Amino acid sequence: MSQSGVPPVPPPLPRPAIPAPNATNANPAVPPVRPAVPAPPAVAARVPQPPTNAAPVAPPPPARPPIRPGPPPNVANVPTAQVIQRSSNQPTLAQIVRDAFDQGCSDIHAGVGEQVRFRNRGLMVIQEQYPIPDVATFNSWLSEIMNEKQLQQFRDTQEFDGATQYDFARCRINVFESLKGSAMVLRLIPLKILTIDQLNLPEVFRELCYTHKGLILVTGPTGSGKSTTLAAMVDFINSEMPKHVISIEDPIEFVHQSRKALIKQREVGIHTQKFDNALKASLREDPDIILIGEMRDKETVNTALKAAQTGHLVFGTLHTNSAVKTIDRILNLYEPDQQAPMRIQVAESLVAVIAQALVRTTDGKRAAIHEIMINTDAIRDYIKRGEVDEIENIIPRCTYEGMCTMNQSLYKLYEDGRITEETAVENSPKPNEMAQMLRGRV
């Protein structure tokens with residue numbers, strides 16, 4: 001104790017050392033002070049090296065040489081922009097069609113690597129004045145008659161059906177692929193419709209046009225003049241009767257202008273998507289007459305029979321060679337247990353069957369021959385009983401009804417001096433009978 005009685009103040013204790021701040025005890029608000037790090041000496045730029053465990057980098061591929069165009073492809077793979085250029089020495093398709101029309105030909109056959117041919121009155125005639133078309137030329141011909149949508153349809157399906165029209169004629173088109181390449185067939189259809197008189201058709205054709213309801217079938221092979229005959233009958237109706245006519249075709253062939261009758265023509269693929277839909281819809285369009293381009297299947301036959309039974313006159317075509325075969329063809333579309341009721345429907349609906357073919361005449365033209373069956377009471381009974389074969393014996397004995405057989409039609413042309421004996425026998429479905437008729441034995 002000091003003299004003043006106040007105890008002395010002890011000396012200050014030494015302060016503990018404060019550790020350097022680190023990640024666990026550093027104040028986040030105050031960044032730690034780091035000693036200055038001297039900059040490394042400048043070094044030359046180095047190419048980065050891949051890590052030792054990485055796969056080596058492949059060098060870039062060499063530049064490809066430019067692709068040179070090869071031979072022209074078929075139209076199935078060619079865009080529209082390329083389907084416009086033909087070889088310099090080739091004609092246009094319009095020129096070919098004009099030549100065929102001027103010569104009175106019915107069909108034009110053209111294809112890649114094949115000589116152009118015309119069908120002149122039933123005979124195929126090579127047209128050597130045209131060079132053989134190559135792919136570029138054929139594609140240019142397609143571009144004349146088909147638009148981009150139609151060309152794409154052909155590329156997708158390798159087939160195309162359609163029609164086109166020139167100032168002088170209309171053409172039905174079929175384009176297809178073959179072993180040698182693309183090909184086409186054009187059927188020439190005159191713009192002027194020949195009348196019943198100009199075609200020298202029997203008077204019964206005019207009488208059938210006055211029928212109010214029922215089914216009239218015109219049959220025959222392809223190229224037998226079925227469309228021409230039907231067009232003449234519709235043209236007669238158009239000039240004589242105030243009727244409403246609806247046609248459903250694939251494609252439209254003869255074009256009719258409404259005169260006394262109102263005619264509406266519909267083409268499958270353009271004016272309707274499906275044939276059956278248009279046929280069913282036509283029953284709700286107040287028609288008097290329905291023209292069916294082709295009775296293709298059971299559904300079409302059912303609708304045609306329904307229309308005939310509900311007060312409409314129905315014209316249709318089939319690819320058969322005789323009246324009896326036509327009835328058999330319709331009935332054979334159905335199962336055996338369905339044929340009995342169908343025989344009754346056919347017997348009650350059918351008005352007439354006209355089987356047709358074309359023969360060459362002595363003047364170098366062609367004339368139509370017919371087998372005409374009118375559905376009389378006797379024939380109706382035979383159909384109902386299923387005795388269709390007996391109809392062949394009735395037809396030649398009922399000429400007063402307007403009926404006739406192919407042989408009778410051929411014999412009339414022979415008597416008129418329009419065909420020779422050889423032509424009559426060659427085109428007869430019963431050549432032995434035809435020969436006996438020519439000798440006066442029948």
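## Close-up views of a predicted model

**View 1. Helix α5 is largely enclosed by the rest of the structure, because 11 of its 15 residues are buried.** The model shown here and in the views that follow is a predicted one. The buried residues of α5 are Lys226, Thr229, Leu230, Ala231, Ala232, Met233, Val234, Asp235, Phe236, Ile237 and Asn238. The helix covers residues 226-240, and at 1.5 Å a residue its 15 residues should span 21 Å, which agrees with the 21 Å that separates its end C-alpha atoms.

**View 2. Helices α6 and α7 are roughly parallel to each other.** Two packed helices are described by the angle between their axes together with the distance between those axes. For α6 (residues 275-282) and α7 (residues 298-309), the axes come within 10 Å and cross at roughly 10°, and since angles under 35 degrees count as roughly parallel, the pair is therefore described in that way. On the α6 side the contact is made by Phe275, Asp276, Leu279 and Lys280, while α7 contributes Glu299, Thr300, Thr303 and Ala304. Sorted by class, this contact of α6 with α7 has 3 nonpolar, 2 polar and 3 charged residues.

**View 3. Ala424 lies in helix α13, which comprises residues 421-426.** Ala424 has a relative accessible area of 0%, and because buried means under 20%, this residue is buried. When its neighbours within four places in sequence are left aside, Ala424 is in contact with Leu410, Ile419, Met434 and Leu438. Of these residues, Leu438 is 14 residues from Ala424 along the chain, and the C-alpha atoms of the two are separated by 8.8 Å.

How values were computed: Residues numbered from 1 in each chain as written. Predicted model: local features only at pLDDT ≥ 70, side-chain atom pairs only at ≥ 80, totals over all residues. Heavy atoms only, no water. Helix = DSSP H or I, 4+ residues; strand = E, 2+ residues; numbered from the N terminus. Expected span 1.5 Å × (residues − 1). Buried < 20%, exposed > 50% of the residue type's maximum accessible area, 1.4 Å probe, protein only. Axes fitted to C-alpha atoms, helices over the stretch in contact; angles between N-to-C directions. Parallel < 35°, antiparallel > 145°, perpendicular 65-115°, else oblique. Contact = heavy atoms within 4.5 Å. Nonpolar A, V, L, I, M, F, W, Y, C, P; charged D, E, K, R; others polar.
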